[in-house]
Amino acid sequence: METGFVYSENFNQYNFGEGHPLTPLRIELTYSLMKAYNLLSHPQIQILTPKPAKEEDILRVHQKDYVEKLKELNMLKKPSYMALPEYGLGPGDNPIFPGMYDAALAVSGASITAADYIMQNEKTRAFNIVGGLHHSMPGMASGFCIFNDIAISIKYLQNKYPNIRIMYLDIDAHHGDGVQWIFYDDPNVLTLSFHQDGRTIFPGTGHVEETGKESGKGYSLNFPMLPGTIDSVYLQAFEKIVPQVMDAYRPDLLLLQSGVDTHFADPITNMGLSTEGQEKIFKIVQENTPKYCNDKLFAVGGGGYNIGVVARTWTMFLAQMLGHTISEPLPKSWVKDLLEKWDDSTEEPPSLLRDRNVWIEEKQLKDPYWQDDLEFHTDKIVEKFENELIPKIKNPIN
């Protein structure tokens with residue numbers, strides 16, 4: 001399977017500054033691990049050099065005043081502590097930094113490059129690891145996201161290929177709220193988000209009852225998971241629901257936001273997946289794309305704030321795309337690179353590519369019914385999907 005991999009050294013310009021969770025080091029060390037496993041020289045890979053998005057691409061999603069404000073801030077010579085809450089900018093999640101408009105254009109352009117590659121080639125895969133900024137709204141930044149590269153690339157495709165049907169699948173621990181709301185009334189974009197329950201985490205949305213409006217009613221789907229959800233519970237629900245939704249909707253392509261902050265060691269979320277479980281999630285997606293999604297898979301990155309997890313899991317994702325299995329041990333050259341650059345003493349450097357949740361046994365000893373609660377919660381949502389939500393996709397009410 002031919003796979004396009006989008007990469008540029010300019011990706012490190014998307015940088016909110018020292019101490020921010022969305023550090024460019026995530027991308028740098030992911031790229032170096034892919035290289036250490038020789039994936040970037042695989043005969044089936046095409047390295048795609050992106051171009052920045054054009055302003056007209058951005059304005060299909062984002063409001064003119066917001067874009068103009070970012071262009072103004074782009075000219076700053078040093079980081080600023082000013083607060084512009086009306087635009088979601090300032091100290092906290094989205095600090096202002098020089099060149100932020102150009103950096104956001106580069107990320108959005110990378111996703112457009114992947115989208116073009118997918119549509120211009122038969123039976124293809126594409127991966128833009130710097131993309132996946134799913135929180136940004138039309139008029140403001142949100143949750144580390146300046147521009148919503150996902151919505152921008154979808155609007156780009158809709159403009160170029162009228163009536164294209166796109167399924168957007170989001171596996172980030174945080175609900176893909178920006179993408180959902182932008183396409184909430186659009187039946188040609190089905191959004192399906194698996195995430196940590198919004199009652200326990202930012203952005204506080206993604207409830208089962210959020211199903212779309214007007215002609216888009218029934219095409220917004222959410223599967224909120226309880227904090228601590230482990231591989232076995234997550235995978236059972238995912239494997240039941242995702243193929244059924246794909247089959248019911250039959251999109252022209254699948255766009256996957258592959259955030260990996262669902263890992264048990266992520267510092268800002270509370271999920272319980274292992275890298276082995278995350279690899280299996282992607283395998284389910286990969287196996288079902290030829291059956292239901294015109295054999296076109298366009299993946300972007302997303303969240304993930306344990307750097308070792310991000311690098312390992314996205315490397316396994318790329319290997320899956322190439323039909324290649326990578327094995328232990330982790331390459332010594334990469335481990336050396338990681339240890340030289342990783343200065344976060346709160347994280348333990350990884351020793352294995354595929355890990356397991358070491359906290360499960362302790363959790364079960366403290367609360368023997370803990371896993372039962374997880375299973376009961378997911379079973380109830382699976383039942384709602386199968387009996388109510390998926391039938392509405394097959395037989396929409398006009």
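1. Basis. This is a predicted model, in which local features need pLDDT of at least 70, side-chain atom pairs count only at pLDDT 80 or more, and totals for chains, interfaces and linings use all residues. Residues are numbered from 1 along each chain as its sequence is written, and side-chain values use heavy atoms, with hydrogens and water left out.

2. Overall fold. The chain holds 12 helices and eight strands; these are DSSP runs numbered from the N terminus, with helices (H or I) of at least four residues and strands (E) of at least two. The radius of gyration is 20 Å, close to the 21 Å from the globule rule for 398 residues, so the chain is as compact as a globular protein of that length. That radius is taken over C-alpha atoms, and the rule is 2.2 Å times the number of residues to the power 0.38. The C-alpha trace spans about 55 × 55 × 45 Å along its principal axes.

3. Of the 398 residues, 62% are buried (under 20% relative accessible area, 1.4 Å probe, protein chains only). Contact means heavy atoms within 4.5 Å. Of the contacts between residues at least 6 apart in sequence, 78% join residues at least 24 apart.

4. Charge. There are 36 positive and 53 negative side chains, and the centres of the two sets lie 5 Å apart. Lys and Arg count as positive, Asp and Glu as negative; His and the chain ends are not counted. Each charge is placed at NZ of Lys, CZ of Arg, CG of Asp or CD of Glu.

5. Helix α4. The expected span is 1.5 Å times one less than the number of residues. Burial covers 18 of the 21 residues of α4.

6. Helix α5. The 12 residues of α5 (149–160) reach 16 Å from first to last C-alpha, close to the 16 Å expected. Nine of the 12 are buried, among them Ala 151, Ile 152 and Tyr 156.

7. Val 61. This residue sits in the loop between α2 (55–58) and α3 (64–73). Val 61 is buried, at 8% relative accessible area. Beyond its neighbours within four places in sequence, Val 61 is in contact with Pro 138, Ala 151, Ile 152, Lys 155 and Ile 182. By C-alpha atoms, Val 61 and Glu 287 are separated by 32 Å, and they are 226 residues apart along the chain.

Terms used. Buried means under 20% relative accessible area, exposed over 50%, partly exposed in between (1.4 Å probe, protein chains only).
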